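Please look through the two chains shown here before reading the points below. They are meant for someone who has not seen this model before.

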Amino acid sequence: MENKTLVHSNPMDYEVRSLDTMCINESELKHPWWYNFKYLAVGVMFGVVFVKAEIISWFRIQEMFRLQSFHMYGVIGTAVVVGAISVFLIKKLKVKTIHGEDITFSDKKFNKGQIYGGLMFGFGWAITGACPGPLFAQLGTGVLSISVVILSAIAGTWTYGYLRDKLPH
Amino acid sequence: MIETITQPWPWYVAGTLIGLIVPALLLLGNKHFGISSNLRHICAACFPSNIPFFKYDWKKESWNLFFIGGILVGGFLSAQFLGSSEPIIVHPDLAKELAGYGIDDFSGLVPVQLFSFDNLFTAKGLIMMIGGGFLVGFGTRYAGGCTSGHAIMGLSNLQWPSLVATISFMVGGFIMANFILPYILSL
């Protein structure tokens, strides 16, 4: 696994990306760009679930943070259990991807950003009633004003990148 | 059958399907579930501004942009074809509290009385849409992930820093919803 993640052309690239991005696994295979449509298909399913289970509802998020509804806890809890069993089985059985590549995992390192940034995201989550995924689903359902929230979130990410060296980590 | 699909789906169906996204992305191409990174990829693609944090080959992560493109399409499809026209059933205590702030329209997933272009230039709208969005973008990147990357993918892979992040998300949300948001909604 370690060897796998170290295969990068530019060490700086790896350094920057591994610090906090989710995906530092690089494929050795070169696929045409339209192979990415398989991820679009998974995204479509995710978007439908978001809407149909009212996960992107501002009201459901408010109920969650007021302990007025079990719904969101049930959704996230079930997702974690299903995800954990899947990851366990993939590791245990050394399952490979459909293209025959190894599936790799990397450990997350603790830094104070997970607390400070986590609290900030929590504030934003309760205000907008949405995490980044639901924002895109909300826009998809036709609430065009959410584009403002998304642009502001992009600006927030940019500002973080700009101030990064000055922030406690 | 159609009836079942157009009704709101229960938590165990939604949770299972979302949980299955984790192995689906791993099996399709060794990809780790995470959404907020896309905000970074968009910065890297559009406004890198010579900031080291945005100087990487974002095209290698373009699968993730396709993924959120899919979420957008999924939202559109379900609103168009799988929708129930029933308003969201809101907990009576929440409905009562919101009514006190003049929010009584529960017809959409997003309260139209708070999130709209008309509200953008009011104090409340500015704080909620611009301020809230900014906190989501800044906070998720500072924390290194959001609900998908930390709470679902990170916890599924038994990463304790992800548990710290998830607890911080929830603590922040509780503080905001119960102690600060009431003042914002009263504006």
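**Notes on the model**

1. Of the 169 residues in chain A, 53% are buried; a residue is buried if 20 or more other C-beta atoms lie within 10 Å of its own, exposed if 12 or fewer, and partly exposed in between, with C-beta atoms placed from the backbone. The model is predicted: local features need pLDDT of at least 70, side-chain atom pairs count only at pLDDT 80 or more, and totals for chains, interfaces and linings use all residues. Residues are numbered from 1 along each chain as its sequence is written, and chains are lettered from A and ligands numbered from 1 in the order in which they are written.

2. Chain A has eight helices and zero strands, where helices (H or I, at least four residues) and strands (E, at least two) are DSSP runs numbered from the N terminus. Two residues are in contact if their C-beta atoms, placed from the backbone, lie within 7 Å. Among contacts in chain A between residues at least 6 apart in sequence, those joining residues at least 24 apart make up 50%.

3. The average pLDDT (the predictor's confidence in each residue, from 0 to 100) is 87, and 83% of the residues score at least 70. Helix 6 of chain A has the highest mean, 98, and helix 1 (residues 2–5) of chain A the lowest, 41. Over residues 1–16 of chain A, pLDDT stays under 50; the model has 17 contacts beyond four places in sequence for this stretch. Where pLDDT is low, the predicted coordinates should not be read in detail.

4. How many residues of chain A are in contact with chain B? There are 111, and they meet 118 residues of chain B. Helices 2 (11–20), 3 (37–52), 4 (58–65), 5 (71–92), 6 (113–128), 7 (132–140) and 8 (146–163) of chain A each supply at least two residues of the side that touches chain B. By class, this side of chain A has 60 nonpolar residues (Ala, Val, Leu, Ile, Met, Phe, Trp, Tyr, Cys and Pro), 37 polar and 14 charged (Asp, Glu, Lys and Arg), with the others, Gly among them, counted as polar.

5. Helix 8 of chain A has several buried residues, among them A:Ile150, A:Trp158 and A:Tyr160. What covers its buried residues includes helix 6 and helix 7 of chain A, together with helix 3 (37–46) and helix 6 (123–143) of chain B.

6. Not counting residues up to four places away in sequence, B:Ala14 touches A:Val49, A:Ala53, A:Ile55, A:Val75 and B:Trp9.

7. Is B:Thr4 buried or exposed? B:Thr4 counts as exposed because it has 8 C-beta neighbours inside 10 Å. Its place is in helix 1 (residues 2–6) of chain B.
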